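Subject: Structure for you to look over

Dear colleague,

I am handing over the structure below, with the sequence alongside. Please read the notes that follow with the model open.

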Amino acid sequence: MRSHIISALLMILLITVFLSGCGKNEKVITSFDDAKQAKIGVMTGTTGETIAARRFPKAEVKSFDDIMDAVAAMKSGQLDAIVTSYPLAIQVSKKNQELSRLPEPLDNEDTAVAIKKGNYELLAAVNRIITELKSDGTLVSMKSRWFKEDLSPYQEPEILLPKAGKVLTIGVSATREPFSFVDKDGRVTGHDGELARIIGLKLKRPVEFSNMKFMALIPALQSGKVDLIVTGMTATDERKKKIDFTQPYFANAQVMLVKKARGGKSASGTTNSPSLTSSLVNSFRSNIIQEKRYLLLWDGLKTTVAISILATIFGTLLGSLICFLRMSANSFLNIPAKIYIAILRGTPVLVFLMLIFYVVFASVNISPVLVAVIAFGMNFAAYSAEIFRTGIEGVDKGQTEAGIAMGFSKIKTFIHIVLPQTVRRILPVYKGEFISLVKMTSIVGYIAVQDLTKASDIIRSRTFDAFFPLVMVAILYFLISWVLMQSLEYLEWRTDPKSKRRKVASA
Amino acid sequence: MIQVEHLSKKFGELVVLKDITIEIRTGEVIAIIGPSGTGKSTFLRCLNLLDQPSGGSITIDGVNILDAKTDVPKIRQKMNMVFQSFNLFSHLSVLENLTLSPIKLLGMSKKAAEVKALELLKLVGLAEKACNYPDELSGGQKQRVAIARCLAMDPEIILFDEPTSALDPTMVSEVLSVIRRLARDGMTMAIVTHEMDFARDVANRVLYMDEGLIYEEGTPQQIFENPQKEKTRAFINRVRSFNYQIRSPDYDLYAMNAEIEIFCEKQILPKKTRYNLLLLVEELLLICNPRLSTEILDLTIAYSEKKETLEVVFESSGDALDPFDKNLQPDELGLNIIKNLANNMEYQRVNNKNRVTLMMKKTS
């Protein structure tokens with residue numbers, strides 16, 4: 001058994017290594033003219049996206065959720081250029097020797113703090129704070145400390161926030177070093193992290209960060225899940241229709257990130273490529289050991305397992321109820337159940353998850369983990385209800401009749417006779433459904449839950465290494481599924497009546 | 001013990017039981033026989049309310065079980081049922097099948113229930129299968145376990161719903177002998193069965209059901225040796241019949257012959273018999289031919305599986321006329337052929353009709 005797993009993991013590793021070596025067609029861009037027909041990567045929902053489309057109408061523009069995904073794509077030859085903001089671009093070129101940015105900016109955009117429309121009091125207060133920070137030189141000092149071209153450690157002043165008071169929730173997409181990112185202690189930091197803390201200090205309110213996908217930030221602000229967005233967001237006209245912005249705190253240039261020409265100045269970096277083992281060791285060190293990133297993974301893993309198990313329990317209970325309603329002869333009960341099943345099975349889980357978080361529980365202060373458990377549980381219930389129904393209907397009617405004829409009530413017949421046979425029947429399908437639930441939970445990053453996938457996103461945003469964290473997370477998901485599968489298989493074995501006798505026989 | 005009065009049962013438009021009135025007394029063994037689809041099983045299932053009756057009343061030990069206040073599960077504990085398809089609980093071992101209801105329903109201790117179950121398994125000859133699961137038993141063994149499972153609840157009556165119909169012929173007798181033994185021990189039983197010989201020697205009373213009614217009822221001797229009613233007789237003798245109507249002298253002989261052949265094939269009659277039968281019918285029709293232009297002639301061929309007899313009946317309206325009257329025939333050839341093939345040639349005048357009955361000779 002164990003050797004099977006090891007060989008399976010090796011296969012995954014080899015295939016990935018092989019695939020990552022494919023698809024390299026070099027196109028070197030040295031000016032905006034070269035980029036006219038290039039493949040350009042942008043971040044979904046950022047100004048870079050609109051600029052790229054406007055400036056390079058003939059180019060192939062591809063949208064990515066996060067900068068590290070785009071960098072990984074460029075490294076594997078799927079992109080020729082990336083349009084992103086200046087601070088991100090220096091960060092990327094700092095950590096990726098083969099990439100550089102074109103000196104000329106594409107556009108200058110104002111970065112500002114976003115606030116829900118109508119919240120004039122807070123808007124005025126934050127505006128006042130930014131004016132203050134501008135005049136006393138804090139912003140200039142922050143800029144020099146965070147947006148620097150070398151790899152020396154960041155210098156961050158300690159800000160002592162008040163412990164009590166109304167919590168100020170800050171929406172961030174902390175995969176954007178140096179604007180906002182997660183440091184080795186798992187706290188959100190960066191230029192905007194510091195800014196958010198300063199705002200909290202001046203407002204005399206404790207600060208909490210809600211780390212989510214960039215595109216989920218505005219819905220979160222609108223629904224009141226967060227009070228402010230401080231994460232290098234550009235104040236575009238389109239966004240201004242939905243939310244308010246303070247005065248800009250940073251003039252953000254959009255620049256183009258390109259690959260350096262081969263054989264040129266940076267030839268030294270590419271000629272003597274390190275061996276596979278030493279690069280794996282390096283990757284392991286930078287992705288796992290450095291800044292104690294394994295802790296991040298460990299926390300993510302715990303969250304993933306917790307959501308999976310709780311959602312399964314909740315979904316199984318709810319599914320039993322739905323199944324009961326669905327099997328009722330009364331159409332007042334079975335029609336709602338049918339509708340529930342049809343809707344839940346016909347909606348993508350991600351959409352459903354975001355609907356629950358940003359619409360249903362918009363004005364309720366509820367833990368995103370709980371929301372994830374509810375959403376996945378409801379989805380799981382729809383599937384498990386149908387699984388239960390087929391299982392129950394699959395038990396021969398004669399079994400029920402025999403029970404009733406013996407003098408069992410309907411309920412007792414179900415408990416003692418139908419249910420044990422149903423459980424044994426449905427377990428194989430149920431197991432599969434459970435495993436797909438475990439994997440489905442990888443989308444909870446959209447509602448600011450830090451699970452295993454999100455942990456790998458955070459690591460990738462710091463190291464810009466696509467291969468290692470992704471393969472590792474794949475392996476971790478596989479292991480979680482495998483361990484949980486074993487426990488269900490044990491249950492399957494236990495419910496097989498003949499196992500009892502085998503046990504006696506082998507004892 | 002059980003009084004059934006004017007019981008009726010409809011499934012939607014379909015009336016299965018019309019009006020059933022009967023009393024079952026303690027210690028009686030009642031065999032219920034009759035053709036398929038006449039409501040025998042439905043009657044049995046109405047007795048323990050597996051099927052809810054549409055009308056009438058059922059009283060058990062003075063309690064009307066159709067009353068909404070009656071604790072039906074409690075009553076069912078006293079009248080267990082053996083099914084055609086065994087219905088052993090497939091997730092439980094043979095022993096657990098027997099102990100489940102005494103433990104859960106009678107509150108018996110596990111130990112006591114197991115001791116009793118093993119005793120009952122010995123009674124049906126399956127003690128060594130106690131730890132096996134139902135899918136490891138043969139049909140006959142399953143049914144014996146099912147009977148033992150009923151006995152585990154100490155029932156006052158056991159209802160058997162075609163207990164041997166799903167069994168291999170080789171396994172029927174092992175199940176029947178267990179039931180015979182229960183009958184000897186004085187167990188009250190109602191048995192729906194197609195095993196006539198078994199019904200005859202195990203039952204005190206036989207009910208012949210047909211058309212949703214108890215068509216005829218009596219001791220086994222009355223029903224099996226001297227049934228009073230036509231349908232009972234046909235059923236007991238396992239008579240199958242074939243009808244053909246001839247309306248003109250230009251009838252289609254070949255079509256008729258083909259139908260007779262199909263009938264014969266279904267009854268698995270030997271080729272020789274088939275040939276003789278066709279010859280006999282043809283000769284009879286030749287004799288009757290002059291009258292076909294004015295009269296309608298009904299031909300009936302009846303085969304009794306039990307007696308292994310083949311009866312041919314001709315019925316025609318019109319004036320009294322004996323076709324066997326030698327004076328009416330141009331020659332004696334046809335009559336001789338007929339005499340050769342059949343015995344018991346009879347002419348009767350019934351209900352203003354001429355009826356000729358012949359019994360085919362057995363072909364050796």
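**Cavities and their linings**

By class, the second largest cavity is lined by 7 nonpolar, 2 polar and 3 charged residues, where Ala, Val, Leu, Ile, Met, Phe, Trp, Tyr, Cys and Pro count as nonpolar, Asp, Glu, Lys and Arg as charged, and the others, Gly among them, as polar. Please bear in mind that this is a predicted model, in which local features need pLDDT of at least 70 and side-chain atom pairs count only at pLDDT 80 or more, while totals for chains, interfaces and linings use all residues. Residues are numbered from 1 along each chain as its sequence is written, chains are lettered from A and ligands numbered from 1 in the order in which they are written, and side-chain values use heavy atoms, with hydrogens and water left out.

A cavity here is a set of points, on a 1 Å grid over the protein atoms alone, where a 1.4 Å probe fits but cannot get out, and its lining residues have an atom within 4 Å of a point. Grid points are joined across faces, edges and corners, and a volume is the space filled by probe spheres set on the points. With a threshold of 30 Å³ or more, the search of the whole structure finds 4 cavities.

The second largest cavity, with a volume of about 90 Å³, has a lining that includes B:Cys288, B:Arg291, B:Phe314 and B:Asn354. Strands E13 (309–316) and E15 (353–360) of chain B each supply at least two of its lining residues, and the largest share, 3 residues, comes from E13(B); helices (H or I, at least four residues) and strands (E, at least two) are DSSP runs, numbered from the N terminus.

The largest cavity has a volume of about 150 Å³ and is lined by 18 residues, of which A:Thr46, A:Ser85, A:Arg176, A:Gly232 and A:Gln254 lie nearest its centre. Its lining has 6 nonpolar, 10 polar and 2 charged residues, and E3(A) gives the most, with 3 residues. Domain 1 (19–107 + 251–264) and domain 2 (113–247) of chain A both contribute to this lining, so the largest cavity lies between them; the domain bounds come from an automatic or database domain assignment.

**Chain A and its burial**

Chain A contains 20 helices and 14 strands, and its C-alpha atoms fill a box of roughly 85 × 60 × 45 Å, taken along the principal axes. Of its 507 residues, 51% are buried, meaning under 20% relative accessible area, with exposed over 50% and partly exposed in between (1.4 Å probe, protein chains only).

In helix H7 (residues 191–203) of chain A, 10 of the 13 residues are buried, so H7(A) is largely enclosed by the rest of the structure; among the buried ones are A:His191, A:Asp192, A:Glu194 and A:Arg197. A:Ile243, in strand E13 (residues 243–245) of chain A, is buried with a relative accessible area of 0%, and its C-alpha atom is separated by 64 Å from that of A:Ile404, 161 residues apart along the chain.

**Cysteines**

Counting a disulfide as a pair of cysteine sulfur atoms within 2.5 Å, the total over all chains is 0 disulfides. The sulfur of B:Cys150 is 18 Å from the closest cysteine sulfur, in B:Cys46, which is too far for a bond. B:Cys150 is buried, at 2% relative accessible area, and A:Cys323 also counts as buried, at 4%.

With best regards

Notes. On a 1 Å grid over the protein atoms alone, a cavity is a set of points where a 1.4 Å probe fits but cannot get out, and a pocket is an open set with protein on both sides within 12 Å along at least five of seven lines; lining residues have an atom within 4 Å of a point.
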